Amino acid sequence: VQLQAFGGGLVQAGGYMRLSCAASGNILRYNYMGWYRQAPGKQRELVASITSVGIRNYVDSVKDRFTISRTVANNTVYLQMDSLKPEDTAVYYCKADGRNGAYWGQGTQVTVSS
């Protein structure tokens, strides 16, 4: 299983960015797929997830600003991030959690300048 994340970069506060996570196989075979982030000196945290049946969950700090979605035909999960804040600065990782284990993509840096 390979997960490849795209879309990080530098944006000003209040701006937006979309991350993509392309999986090597059918994303519906995973219990859920999620986006995590890790800021310097902090633990990795779950930001948003979507289950195989489409149930979405978000950490409180990003609710109403971030949206997780997917395109099954392309085996891709997205994270649309709006109204970005400097505290959203982190390395973002996608993860697929399935019966046979969990798989991580490489991180992509998101930097929000004030």
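How many salt bridges does a search of the whole structure find? The search finds four, a salt bridge being a side-chain nitrogen of Lys or Arg within 4 Å of a carboxyl oxygen of Asp or Glu.

1. Basis of the note. This is a predicted model, in which local features need pLDDT of at least 70 and side-chain atom pairs count only at pLDDT 80 or more, while totals for chains, interfaces and linings use all residues. Residues are numbered from 1 along each chain as its sequence is written, and side-chain values use heavy atoms, with hydrogens and water left out.

2. The pair E45 and R37. The side chains of E45 and R37 form a salt bridge with an N to O distance of 2.7 Å. Burial is stated here by relative accessible area: buried is under 20%, exposed is over 50%, and partly exposed lies in between (1.4 Å probe, protein chains only). R37 is buried because its relative accessible area is 6%, whereas E45, at 30%, counts as partly exposed.

3. The pair D88 and R65. A salt bridge also joins D88 to R65, whose closest N and O atoms are 2.8 Å apart. The two residues belong to distant parts of the chain, 23 residues apart: D88 is in the loop between β8 (76-81) and β9 (90-98), and R65 is in the loop between β6 (56-58) and β7 (66-71). Strands are DSSP runs (E, at least two residues), numbered from the N terminus. D88 is buried, with a relative accessible area of 1%, and R65 is buried at 10%. Through salt bridges that share partners, R37, E45, R65 and D88 are joined into one network.

4. The pair D60 and K63. Here the side chains meet in a salt bridge at 3.0 Å, N to O.

5. The loop residue V72. V72 lies in the loop between β7 and β8 and is partly exposed, since its relative accessible area is 33%. Which residues does V72 touch, not counting those up to four places away in sequence? They are N26, I27 and L28, where contact means heavy atoms within 4.5 Å. By contrast, the C-alpha atoms of V72 and G41 are separated by 35 Å, the two residues being 31 residues apart along the chain.

Terms used
Helices (H or I, at least four residues) and strands (E, at least two) are DSSP runs, numbered from the N terminus.
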